[in-house]
Amino acid sequence: MTQILDWRPDPGEVIEFEPATDRAPVPHDVPASYFQRSHMQSAAAHRAAGRRQSPWVAMVFDLPGRADTDALAAAWQGLVRRHEAFHTWYEPEDDDLTGFRLPPGSVTVRPSHVGDFTSTDDLRAYLHRRLDERTATTSWPGLLAGVVRRDTTSTVYFAIDHAYTDGHSLALLFDELRTRYDAALGGAPVDLAPAHGYLDCNRRERERSAALTADAPELAAWSEFLAVGDGGFPHFPVELGNDAGELLPGTRLHYPVLTGAQARAFRAYCGRHGGGFGAGAFAALALAQWEFTGNDVYRVLTAVSTRAYPRLLHTHGWLVNLVPLLFRLPSSPTLAGAIAAAQQGFQKARAGYDVPVHRALELLLTEGDVPAIPPMASYLDGRTAPGSADYLRADTRLLTGPDNASGVSMWFNWFPDRADLVVSMPDTPQAAAGVPKYLDRVREIMLTASGGPGVRGPGQLPT
């Protein structure tokens with residue numbers, strides 16, 4: 001996970017792949033999801049204020065040699081036609097969002113030569129501007145695909161408005177695009193089953209959510225989460241210099257936490273104590289919080305997939321929710337005891353995967369109590385994603401625009417060669433001083449449990 005301002009692409013010849021259609025879009029009546037609506041309303045506010053924004057998420061990866069642009073165009077065309085996220089969209093109309101769709105077979109993709117770049121900074125600036133422009137549009141296509149061609153290695157890039165994609169979707173794109181590209185190079189057909197669309201997920205979400213009330217059993221975990229302590233959302237264990245909770249310019253930290261071998265050892269340790277890798281990571285966060293603050297109740301929003309059925313595993317869309325994770329440390333806190341508590345807390349939170357966070361907060365909080373970007377902690381096991389064994393060799397990256405943050409968000413990612421932690425936080429002196437100290441302690445706890453060179457302390461007593 002890399003901010004575009006930290007990305008250093010080698011220069012080369014830039015080719016973009018332009019989608020087109022000869023058909024007029026047709027309205028559809030499926031409402032946008034809660035995440036889509038919130039995201040698009042925020043984008044509209046930025047446009048109205050004349051602020052530059054980067055509402056996209058992107059993926060970049062390398063192909064060997066000088067890429068064949070006709071084969072890549074064919075690969076993109078097949079992908080865009082197969083997945084609903086690339087030929088359906090929403091446009092703002094007054095205060096509402098109107099859905100549109102195109103017949104997928106009407107979409108064609110052709111390569112378009114942009115020019116040669118000899119400077120990394122100029123290339124990155126161009127791509128950043130183009131990504132912002134294309135994904136901030138309120139009409140189709142809100143996406144940009146291209147390739148930087150070089151004699152030895154070519155870099156493919158793709159970005160779409162976050163409203164239509166998530167990390168799982170981008171992993172699918174990495175694998176499918178390479179499969180289609182290799183087939184096009186060899187003149188072979190690609191036999192992929194039709195992919196289930198995201199609009200059915202939107203429709204089901206809206207139908208379920210409409211029946212919820214503040215006292216619904218489905219909101220019990222949320223009510224308990226919001227009632228703890230001072231109520232509302234938890235404070236981060238160190239000072240962030242943002243007492244007002246404003247959305248500030250953000251900065252990003254990247255922590256290598258464990259090697260591949262250490263991650264497997266940590267997972268084995270967690271398994272012996274009643275949990276998985278994710279429970280161990282949350283337990284380490286909770287133990288470090290207790291050491292820093294004395295607070296033995298850990299609360300955080302955590303990301304879960306809403307792909308509840310096998311047919312959704314190949315769907316492109318923003319099929320993610322935030323659920324309320326809450327657990328209490330044992331009376332004599334140790335990592336071993338905390339893992340079981342974290343596992344139980346996560347299972348309870350995960351049971352409400354289909355209660356949209358925005359709907360829960362709409363029912364339980366006043367508007368002024370809801371942060372623009374709720375701080376969260378995510379755990380993802382990316383080792384089994386299609387093509388994940390090639391991530392390192394292909395220099396695969398998830399790109400985002402410049403961060404904004406009111407609190408601290410964290411992403412634990414487990415890949416075949418390592419487990420790492422990416423952190424987004426307000427760009428303030430207080431956060432810069434305190435957050436790394438807390439994260440260093442979390443890493444020490446996990447390292448010690450894995451048998452690595454951690455530093456033992458009162459909150460980590462691995463057995």
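This briefing covers the pockets, cavities, helices and selected residues of one protein structure.

The structure is a predicted model, in which local features need pLDDT of at least 70, side-chain atom pairs count only at pLDDT 80 or more, and totals for chains, interfaces and linings use all residues. Residues are numbered from 1 along each chain as its sequence is written, and side-chain values use heavy atoms, with hydrogens and water left out. Helices (H or I, at least four residues) and strands (E, at least two) are DSSP runs, numbered from the N terminus.

**Second largest pocket**

- The second largest pocket holds about 1000 Å³ of space; a pocket is an open set of points on a 1 Å grid over the protein atoms alone, with protein on both sides within 12 Å along at least five of seven lines.
- Its volume is the space filled by probe spheres set on the points, with grid points joined across faces, edges and corners.
- The lining of the second largest pocket comprises 37 residues, and Phe-233, Pro-234, His-235, Phe-236 and Pro-375 lie nearest the centre; lining residues have an atom within 4 Å of a point.
- Helix H8 (277-293) and strand S11 (297-305) each contribute at least two residues to this lining, and S11 gives the most, with 5 residues.
- By class, the lining of the second largest pocket has 19 nonpolar, 13 polar and 5 charged residues; Ala, Val, Leu, Ile, Met, Phe, Trp, Tyr, Cys and Pro count as nonpolar, Asp, Glu, Lys and Arg as charged, and the others, Gly among them, as polar.

**Cavities**

- The whole structure contains 2 cavities of 30 Å³ or more, a cavity being a set of grid points where a 1.4 Å probe fits but cannot get out.
- The largest cavity, with a volume of about 60 Å³, is lined by Phe-17, Pro-19, Trp-76, Val-80, Phe-86, Val-109, Leu-143, Ala-145 and Phe-158.
- S2, H2 and S8 each supply at least two residues of the lining of the largest cavity, which has 9 nonpolar, no polar and no charged residues.
- The second largest cavity has a volume of about 40 Å³, and its lining consists of Trp-7, Ala-58, Val-60, Leu-127, Leu-131, Tyr-157, Phe-158 and Leu-399.
- S4, H3 and S9 are the elements that give two or more residues to the lining of the second largest cavity.
- The lining of the second largest cavity divides into 8 nonpolar, no polar and no charged residues.

**Helix H2**

- The end C-alpha atoms of helix H2 (residues 69-82) are 20 Å apart, in agreement with the 20 Å that its 14 residues should span at 1.5 Å a residue; the expected span is 1.5 Å times one less than the number of residues.
- Because 11 of its 14 residues are buried, H2 is largely enclosed by the rest of the structure; buried means under 20% relative accessible area, exposed over 50%, and partly exposed in between (1.4 Å probe, protein chains only).
- The buried residues of H2 include Leu-72, Trp-76 and Val-80.
- Among the elements that cover the buried residues of H2 are strand S2 (13-21), strand S4 (56-64), strand S8 (143-149) and helix H4 (167-186), where contact means heavy atoms within 4.5 Å.

- Helix H5 (residues 199-210) has 12 residues and reaches 17 Å from its first C-alpha to its last, close to the expected 16 Å.
- Leu-199, Cys-201, Asn-202, Glu-205 and Ser-209 are the buried residues of H5.
- In helix H6 (residues 220-227), Trp-222, Phe-225 and Leu-226 are buried.
- They cover an arc of only 90° around the axis, which puts them on the same side of H6.
- The buried residues of H6 pack against S11, strand S12 (320-328) and H10.

**Individual residues**

- Val-147 is found in strand S8 and is buried, with a relative accessible area of 0%.
- The residues that Val-147 touches, not counting those up to four places away in sequence, include Ile-15, Phe-17, Leu-72 and Val-156.
- A cis peptide bond with omega of about -5° joins Trp-140 and Pro-141, and Pro-141 is in the loop between helix H3 (120-135) and S8.
- Asp-395 has a positive phi of about 50° although it is not a glycine, and it counts as partly exposed at 36% relative accessibility.

Methods
The arc is that of the directions from the helix axis to the C-beta atoms.
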